[in-house]
Amino acid sequence: MLQLENVTHAYDGRMVLRDVSVRITEHRVALIGANGSGKSTLARLLNGLVVPESGRVLVDGQDTRRHARAIRRRVGFVFSDADTQIIMPTVAEDVAVGLRGAGLTPAETAARVDDVLRRHGLADHRDHPAHLLSGGQKQMLALASVLVTDPDILVCDEPTTLLDLHNVRVIADTLRGLRQQVVLLTHHLEMIADFDRTLVMDGGRIVFDGAPDAAVAFYRDLMERRP
Ligand SMILES: Nc1ncnc2c1ncn2[C@@H]1O[C@H](COP(=O)(O)OP(=O)(O)OP(=O)(O)O)[C@@H](O)[C@H]1O
């Protein structure tokens, strides 16, 4: 379970999250809202990339302040810009990075990498230069590189930003099939239609919490009323 207790956060004195409390237990939860409303900051709190100025963030009862390493292993994070997440020359090498330090033999590492590449449609690109992949393939590689570590929870911060409609669907289908609990931040509202719960953020607060259709209607109304 993911839990925020009275979390307030500011960057350089500017308040970005205001006394946010929420418990997230559902399998697939979406986080939507205007640019700058605080979604990424909330997402980064969930795996300890950001530590709250006040309040607590708990992952299955463990405080991200005190258990940062364990929580990073349990909560995988996929960034919106895949290029920043791809760090090795080839596709297979990039996926293998996440397994360093896991105590696997080279053969076990190769088997895990091949398995994840196959499951995510990248097996034919195993030895290709990662930076030459298409946008959609890079995003899938970023996802595969996190999933290879088998986290329990996956936080995806706008993983389809630069993708065409086909690849948005491919990523949505992939997320739908995962055993992991998924927290998805997105502006592609069609991706979240069958999510279990949707939170709408505005001005550093959760302003709506409910089913996706009602949340999207609330968000659209909020944006229409904005001057
Ligand atoms: N590292 C940082 N340093 C300073 N300000 C930051 C930092 N990260 C985010 N901010 C600011 O905090 C506010 C909230 O940003 P955040 O990225 O959490 O919003 P968001 O809802 O994810 O937006 P978007 O939909 O545009 O990605 C913004 O005004 C942003 O400029």
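Which residues of H7 are buried? The legends below refer to a predicted model.

**Close-up 1. The buried residues of helix H7.** Ile-171, Ala-172 and Leu-175 are the buried residues in H7. Viewed down the helix axis, the buried residues lie within an arc of 100°, so they line one face of H7. An α-helix has 3.6 residues a turn, so residues three or four places apart point the same way. The cover over the buried residues of H7 includes helix H6 (135–147), strand E7 (153–157) and strand E8 (181–185).

**Close-up 2. The other face and the length of H7.** His-166, Asp-173 and Arg-176 are exposed, on the face of H7 turned away from its buried side. Helix H7 covers residues 165–176, which is 12 residues. At 1.5 Å a residue, H7 should span 16 Å, and this agrees with its end C-alpha atoms, which are 16 Å apart.

**Close-up 3. The shell around the ligand.** The residues around the ligand are Tyr-11, Asp-12, Val-16, Gly-33, Asn-35, Gly-36, Ser-37, Gly-38, Lys-39, Ser-40 and Thr-41. By type, two residues of this shell are nonpolar, seven are polar and two are charged. Helix H1 (residues 39–46) gives the most to the shell, with three residues.

**Close-up 4. Helix H1 and the residue after it.** H1 is largely enclosed by the rest of the structure, because seven of its eight residues are buried. The buried residues in H1 are Lys-39, Ser-40, Thr-41, Leu-42, Ala-43, Leu-45 and Leu-46. Gly-48 follows H1 and has a positive phi, near 80°.

Terms used: Residues numbered from 1 in each chain as written. Predicted model: local features only at pLDDT ≥ 70, side-chain atom pairs only at ≥ 80, totals over all residues. Helix = DSSP H or I, 4+ residues; strand = E, 2+ residues; numbered from the N terminus. Expected span 1.5 Å × (residues − 1). Buried ≥ 20, exposed ≤ 12 C-beta atoms within 10 Å, placed from the backbone. Arc of directions from axis to C-beta. Contact = placed C-beta atoms within 7 Å. Near = placed C-beta within 6 Å. Nonpolar A, V, L, I, M, F, W, Y, C, P; charged D, E, K, R; others polar.
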